[in-house]
Amino acid sequence: MNSNVRFRAIAILIIILVCVYGIIGLPTSKDELVANWQKNIKLGLDLKGGSQLMLQVQLQDAFKATADGIIQKLKEELPKSGIVYTEMTRNDPQSLADGDKIQIDIKGIDATKAGNFRQIVQDNWGGTWILTPVNSTDYRMTIATSEALKLRADTLTQSIATIDKKINGLGLSESTVQQRGGSASDAEILVQLPGVDDPARVKQLLKTQAVLELKEVKGGPFPSDADARASKGGVLGLDEQVAKGITRAGSPPDYWILARTPVVTGRDLRNASPQQSSQNGGWQTSFVLSQDAAKRFERFTAAHINDRLAIVLDKMVLSAPVIHGKISDNGVIEGLSGQEEAQDLALNLRAGSLPAGIEVLEERTVGPSLGSDSIKAGTVAGVAGVGVVVAFMLVYYRRSGVNATLALVLNAVILIAALSYFDAVLTLPGIAGVILTIGMAVDSNVLIFERIREELRAGKAAIAAVDAGFKKAFLTIIDTHVTTVVSCAILFLFGTGPVKGFAVTLVIGLLANVFTAVFVSRTIFDWELGMQKKAVTLSI
Amino acid sequence: MELFKNTHFDFLGKKWPFIGASLVLTVAGLVSLAMKGGPKYGIDFNGGALMYLRFNQEPPVQKIRAALTGKIPGEISVQQISGRQEVLVGTEIAGEKELNQNRQIIEDTLRATFSSNDGKLDVNNSAAEQLADKLREPLLQAGVAMSEQELQDMSKAIEQSRASKGGILSSFDELSSVKGVTPQVIAALKKECSLGPFTILSAEVVGPKVGAELRRQAILATLYALGGMLIYIAFRFEWIYGVAAVVAVFHDTMITVGLFSLFNKEISLTVVAALLTLVGYSMNDTIVVFDRIRENLKIMRREKLEDLINISVNQTLSRTVLTSGLTLLTALSLFVFGGQVLNGFSFALVVGIIVGTYSSVFIASPILIFWQNLIESRKKAAPQGAVKEPSRELAGARKAKR
């Protein structure tokens, strides 16, 4: 064996080891092997079962809500400054794209108060909303372009965060919520719920509004539901309920006994924002209540100093801080772990209910049994198909068929390992890519072998024939593969989900194939020929 | 072992019957497409709701149809999958607003019609979490010592067991071997839950807007991909090779889509993946033949182009038959064993491999010859005294970068 072949063999061995590690890790038992395999090979929802929802955020709702907020504020502020108006209305944009065409019409402002009125608008919404006079008494407010962009982005981010919280609250920890590719103006959100075969509950949850509640804590925290009940002698009072805390990383959820009637709900909240404490520098979340709620809250907190107050989102207890003093319209939630939590909490308080309506554009649900049916059928078909191919190769090309089989197997190993390393998900269209890969892998081997045979027929010696065969077939293989890779690149750029999945698997498969069919197979041939001392022959 | 050795079939001499057959197939497909108003798109591309149900007995198709009629506007299709206790229930959807409603109406109607409506949980149609929620209280009351985690695990195990039994249970006793399921659990199941006669294997709801967008994107992506391949082949060979290869591939796709229309099969997203596969396959096949032609153009300078192509096709014949045969076997095994989900997919593959193989020989190669003849006849028609060009224009492929 010459050193060149040995060097290549070592390179191949390393690649095989890296691939095998990527697929099964370093298992110490059979169970662990299976577990690693299942962890590394991620199946798409169409194979494993689950639901996928495509939602569209009705961004125009957020514009309307913002305008309503301004109108309400103006209705409060103008009388204070003695400004009289006759009418204050907003228009009603219907479609997603029309959101930024929102406008507020304010009519009947006395000309003598114009300066005063302008000042109020400037103080409150200067830079974000633009005030233009329609005539001497009427005005129109429109949203500034930068503010419209910000509102769109914020609404989308808030929606995604809220949906994520809500779904995680259901205990569907494997679920993903993400903005769908494409332009942000589409405001599409893709929700994937592995293992869920009835997304009705999820859809219902997304529709429910009014989800934030501040409630009196009557007991807790307890380590389990049963313990919470036991603390009350197993019988809960009429105004009592057990609520589960959110699951934080590394610690089990707490259970609380809460009053059923909330002191304040999300509707009573005007705003919430994260801030840093001026005393100890710790992160906290401040919130502002509406006037009515402030009065109620003041009475409640005065009576419950040093008690706990539960902040409940979607029926899950987010936190239960101790009330340190009387709180009226401004409150601060302390005891947070850091900036991130303060921001999340503020976001949750603001986005307790979704900032805009949600429409379901698409739902795809595959039950677990159909998924496993597909896997079974696919496996049987795959094994049968590959079995036929391998059997034929061995009969037709004899020992060289072993070469081809090794190349095929290695191709599959590299493909699976690459999917695992790239965290890619295997879906049905992905399997289509695998099938084409196998087809082209078989083709590459056949091309090479037929070429070698041709060269042998032409009277060349084994070593020269192998050399010429590989050289000539190589150009063909490169042309066929590059053409397909070019088309895959385009499919990946312009295609949607399933088409992309096809393209990704195919490109990986093709790259692996060039490696196995050309490099690995060649090395095996060279090794085989190098082993023979004299009268070199080839079994092909 | 060798199947083909030094064959000398006159493929191009027999091209007309094949081109004729291609034309007949293409025209038949086009006529079918025209009569049916375009391809029969699945709900992926048209929008609609589709539910795939499995029953534990012969599905009562009439009863399903009767139950749904009047509940949903528009056409309702109830179609049994031949030889299986499975039914596809589909509706059209006119607007985005009805989307969710229709799916829910179908589901609710079916449940109301087939499940006993006594407040029990239909285990054949519920997820693990629902089952856990339903069992928590009763098990607590029955004094079963079980942690929340054990309850969740057991519910998941029950769901998995159901999935492995085809998604449908006919008796709770089937669960007795499932991990964590004790006789007490079975008793609770029997008391609190029921087993409906059907299970929902899959449900798809796609809005018409999304459908139209998907359709547009799939078609555009495919056309761009064809364009990209044309450019690459033109760059590696000659532009006419690119055109010929793309025409051949387009021909394959047209015939396959036409056959889908003739057999009344739906084009879904998975079928599009299969069409992309066949495009890749057919292109691969064509390039192998072209590559040989290019090589032979360099070494056999005296042959007529037609003969040269014939030789090239014969030289690659062994490879063509082997590769196509083997991949066809793989596709056939997928068609036979692949089940309902892969049916359309594997059908497209089987058709595509057959058509894709022969189009390389009988569509792509003749285009090269037609082009060659066209150039020569033009040259003859050109005024005398014109600069004499080498007789074989296509030999320009010699220039191709190597």
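**Notes on the sheets, the A–B contact and the domains**

1. Four strands of chain A form an open sheet in the order β3-β4-β6-β5, and the pairing is antiparallel. Strands here are DSSP runs of E with at least two residues, helices are runs of H or I with at least four, and both are numbered from the N terminus. Two strands count as paired if DSSP finds at least two bridges between them. The edges belong to β3 (87-90) and β5 (129-133) of chain A; each has a single partner strand, so one side of each is left without a neighbour in the sheet. From one strand to the next, the twist averages 20°.

2. A word on the source. This is a predicted model, in which local features need pLDDT of at least 70 and side-chain atom pairs count only at pLDDT 80 or more, while totals for chains, interfaces and linings use all residues. Residues are numbered from 1 along each chain as its sequence is written, with chains lettered from A and ligands numbered from 1 in the order in which they are written.

3. A:Ile104 stands opposite A:Met141 in β6(A). Helix α4 (residues 59-80) of chain A packs on the sheet and touches β3, β4 and β6 of chain A. Its direction makes about 165° with that of β3(A). For such angles, axes are lines fitted to C-alpha atoms, for helices over the stretch in contact, and the angles run from 0 to 180 degrees between N-to-C directions.

4. Strand β18 (residues 357-366) of chain A runs antiparallel to β6(B), with five bridges between them. A:Arg364 stands opposite B:Glu204 in β6(B). On the chain A side, nine bridges join β18(A) to β2 (residues 50-58) of chain A. There A:Leu55 stands opposite A:Val360.

5. Across the interface, 68 residues of chain B are in contact with 63 residues of chain A. Contact means that C-beta atoms, placed from the backbone, lie within 7 Å. α10(B) gives the largest share of the chain B side, 14 residues.

6. Just after α5(A), A:Gly127 takes a positive phi of about 90°.

7. Chain B is divided into domain 1 (12-40 + 207-399), domain 2 (45-116) and domain 3 (121-201). These bounds come from an automatic or database domain assignment. The C-alpha centres of domains 1 and 2 of chain B lie 40 Å apart. Nine residues of domain 1 are in contact with eight residues of domain 2 in chain B.

Technical notes. Two residues are in contact if their C-beta atoms, placed from the backbone, lie within 7 Å.
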